[in-house]
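Colleague: I am new to this structure and would like to learn how to read it. Please show me the model first.

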Amino acid sequence: MKIICIGRNYAEHAKELNNPVPAKPVFFMKPDTALLPPHNPFFYPPFTNDLHYEVELVIKISRNGRSIAEKFAHKYYQEIGVGIDFTARDLQQECKQKGLPWELAKAFDFSAPVSKFVPVSGFASLNDINFGLKINNEWRQRGNSRDMIFSFDRIIAYVSQFVMLRKGDYIFTGTPEGVGPAKINDHFELFIGDELMLAFNVK
Ligand code: MG
């Protein structure tokens, strides 16, 4: 499977990192080795001094497809979860300045902890999903899918023009504002609505 990640999908987050709000989705990928195995802690990587968390809704692709029309995109996912797009912000800044790809900063081992998934049929509207991240029992990020620049369906339509989607792929759909540094000994709790979806420690 593969992990596709959308960048700059919340206007307030694009602003906080001084990035322009994009006219088209920006995407990059993480390998399956970026998944954090269940019940494991996340170990702070030795190659960064500025590891940032980005909490994001994650959709799980439920069937294969290429060049999917936006009006049919809803048929390609049935479950939603929440994850962290861990980012070595110092390395990413270097990559951006030099015009280099972001893999060093984004695709490293265990950089994509993902929660359990819940059925999309359980939500009254996919355009009104609250989600968030608590660290050490304090809210650090809270978002709502209504603030996405590009909807789940638009993302699927756009990405699948370039990259075939396969059953089991994950799409990280972008982070709201409030990203910041993770620290050793932090306790992460990821929520959709009031439901605790994933918890892990940084070591
Ligand atoms: Mg992200």
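Modeller: We will go through a sheet and then a metal site.
This is a predicted model, where local features need pLDDT of at least 70, side-chain atom pairs count only at pLDDT 80 or more, and totals for chains, interfaces and linings use all residues. Residues are numbered from 1 along each chain as its sequence is written, and side-chain values use heavy atoms, with hydrogens and water left out.

Colleague: What is the order of the strands in the open sheet of four strands?

Modeller: Strands of a sheet pair through backbone hydrogen bonds, either parallel or antiparallel. Strands here are DSSP runs of E, at least two residues, numbered from the N terminus, and two of them pair if DSSP finds at least two bridges between them. In this sheet the order is 9-8-12-13, with antiparallel pairing. Strand 9 and strand 13 (195-201) are the edges, each pairing on one side only.

Colleague: Which residue stands opposite Gly132 in strand 9?

Modeller: Arg142 does. Strand 8 (130-135) and strand 9 (138-144) are joined by six bridges. Their hairpin has two residues between the strands, and Asn136 takes a positive phi near 50° there. Six bridges also join strand 12 (187-192) to strand 13, with His187 partnered by Asn201.

Colleague: Which residues coordinate the magnesium ion?

Modeller: Donors are N, O and S atoms within 2.8 Å of the metal (3.2 Å for Na, K and Ca); water is not among the atoms, so sites may look incomplete. Here Glu54 (OE), Glu56 (OE) and Asp85 (OD) coordinate the magnesium ion at 2.0 to 2.1 Å. Glu54 and Asp85 lie 31 residues apart, in two separate loops.
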